[in-house]
Amino acid sequence: MPAFRQVGEKQLPNPVLCMAWSPKRDLIALANTTGELLLHRLASFQRVWSLPPSECTGREITALAWRPDGKILAFSLGDTKQVVLCGVEKAEILHVFPMQTPVTCMHWMEVMEESSVLSSFYSSEDESKLFLPKLPTLPKSYSTTSKIFSEEKSDEILNLLGEVRLNILVLGGDDGFVELYAYGMYKIATLGGVSGMCRSLSLSSDLKSLSIITEVRSADNNPEICYIQLDTGLLSVCLPEVTRMARKFTHISTLLQYLHLSLTCMCEAWDDILMQMDLRLTKFVQEKNTSTQVQDEFLELLLWGQSSPELQALLMNQLTVKGLKKLGQSIESSYSSIQKLVISHLQSGSEALLYHLSEVRGMSLWKQKFEPLGLDSAAIEGAITAVGSFSLKANELLQVIDKSMKNFKAFFRWLYVAMLRMCEEHVPPELNKMTQKDIAFVADFLSEHFSENEELFDRKGKYFNVERVGQYLKDEDEDLVSPPSTKGNQWLKFLQESTRLKESPLLFPSFPQKSLHFVKRMMENVIQQCLQKPAEVIGKSVKQAVSLPLYTVPESSENAPRLFELPSLWNDKKAKMHCVVFCMPEISPYKLYLLRKATDPNRHIPNSVMSIDLSHHPEAQSHCAYSCLDARFYDDEMLTVVLQGTEEQNSRCVLAQLPLSSNLTCGTEFSWEPNLRLDQLSSNIPSQGLVLENQWRELENMKAQFLAVNGIRKVACVLSANLRHMRVFEMDVEDEDDEGADSQNASADQDGLETTVTSQDPAEKSLETEGEAGEQEEDAFKKIEEQLESEEAPELL
């Protein structure tokens, strides 16, 4: 009986370029040559969802990485130089951020170090919920037209934070480009000193070092593979402070995204129909033959009930009674929606932003702890001031909306009655009453809004700006066409006369001539500058500890998919080591090499370089030589490989598990001579024989080539050389027959549940059910661990 059980096989229409298993569920993400992102389930390789390529994101996926909790999938796009965070439950694009250079590899790790300071922070991190109200969900009706984000995205945006425990997304690209993003959102470090293109990278779980596999050009202009280890000791030493700072800055980044979406909804709520009055009046000025002002025309209609033939034609033929009524309803509906968004979303988001920035400012004043990380209290105070200015501008917009709604209601009511009289139609009694105060109010409105502005015509192509709200929502650098009047404002007069208050840092500047969009962009720029300094300081603290040239790449493999090529990196969390597996086919075609380095650059690892001889198969009766096509670390103690026999053996392929414990002991120590590549010293590398035991299976009728494994979920996926044929295997099935039966029963129960629910897609329903089951398992394990710790505590004391 084969050691591994095949559970799925698929012929795909498009070649696969990336594949990655979920760390928490039996799901695998695939990216193909068309730019499509696919999510498949282990059982029968069923497709859960697909995310087609988009012009807004891109069509050339270059790398994939799962967040450690399995709820977010990150992927990079080479054509648009962007990184996208995608929600797994509903294939939602939650966040997109640009990069300076195309990303060629990525790794998403979780910090496993524990301390009393971190434990207290984990338990008290949600204190903000005690002081801040929950941010409301964005209305669905305004989010459906967004190019990138879809319905219910605001809830998903707020869930981007995930767990409190620090996790870091590491990105690598051309020319030694490496950046670290805390929680996948906040750039915590920009690293330098790396040469060549990054092909693979791994940040240790203790944050002491970062391993990178790079490709550089050697002296003879051939591609050369190098291993580089960077010392990231500052992140490790200041882990509690880094976690606190990163968590706060991620909160801030998430809130900026929330405010951006809220403002987008406000712009969508504002309708172009509101500009009809301005455009019709402008056309009226250009076509009328009289020398009278439009303002005078309307005042005559107000005072005497008579109008010129030109004005009457404008009102009856262009605006019309029905058009005026529709315009009035549109203005009231649009203004009410914008007003609600400002009160419930912009103001709530601004308050939360001020809260978190104020806490960061308090952290920056603790210079002993946070100054080494680059927190600058002056820059943070500038960010707080910018948020205050944004809040003032939002309040100013509220006042403009409130005043405009009152003005338009009175104006349209009067104009509607006047047009009914022109048509000699019946005027409802409730509209026919108009006091002297109402007449004065409409007259003031006409004198303020209906004056012809030649400067406005030059800028906007119209003479009027009756509609005052839309100018606040324009994403332009120009000043407001009609800023609010400050005449008679006693507070502003008092400030201008008081030199001390005018220069006080406690007062936020209001920027009365600028739009809300302009102030928001200014706020974002100030906050981004505030967030960038820690990334620069932490990046400068990172130094290169190890640089080892490994081997040159044969020209024949330069056209192979880079994402599947060896070397493969692994972080052994228990032993605190970086492990590298690779082949040197031109030097030793039947050997597999292992390189091990301690995560602490100052610690020595014995038997740091070893090789495994693949020239003998234990089950074979005669000489049997294999070459390694691909190799991935299954876990800390096991290596999964795809081996290929010689032509004499019909080039058969084998999927096998190699136990590392039996291959990492050797009496001789390898000595690495300086200025020489490893392939030039291959004859001196200690070698061990191949040990497969019963952990292997022949891959019949398949020209296998590449591999993706997940030791936590005990699964593997083999991809053919043409990148279209896939086989999925469950590993360790002999030890888990009972668990397999239980999982089958659970899946049968889940299928019965899905048949009763028709309002949701079956694949999504099962995905959510599986996620809930996984969370329940995690809670049960946590309770058991807490109980064991409580029992062990007296013994330790």
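Mentor: Ser588 counts as buried because its relative accessibility is 14%, where buried means under 20% relative accessible area with a 1.4 Å probe and protein chains only. This is a predicted model, in which local features need pLDDT of at least 70, side-chain atom pairs count only at pLDDT 80 or more, and totals for chains, interfaces and linings use all residues. Residues are numbered from 1 along each chain as its sequence is written, and side-chain values use heavy atoms, with hydrogens and water left out.

Trainee: Which strand is Ser588 found in?

Mentor: Strand β20, residues 588-598; strands are DSSP runs (E, at least two residues), numbered from the N terminus.

Trainee: And what does Ser588 touch?

Mentor: Tyr593 and Ser682, leaving aside residues up to four places away in sequence. Contact means heavy atoms within 4.5 Å.

Trainee: Switching to β14: how many of its residues are buried?

Mentor: In β14 (residues 197-203), 6 of the 7 residues are buried.

Trainee: Which strand does β14 pair with?

Mentor: With β15 (residues 209-217), in the antiparallel sense over 6 bridges; pairing requires at least two DSSP bridges. Leu203 stands opposite Leu210 in β15.

Trainee: What about the turn between β14 and β15?

Mentor: The two strands form a hairpin with 5 residues between them, and Leu207 in the turn has a positive phi of about 65°.

Notes:
Buried means under 20% relative accessible area, exposed over 50%, partly exposed in between (1.4 Å probe, protein chains only). Helices (H or I, at least four residues) and strands (E, at least two) are DSSP runs, numbered from the N terminus.
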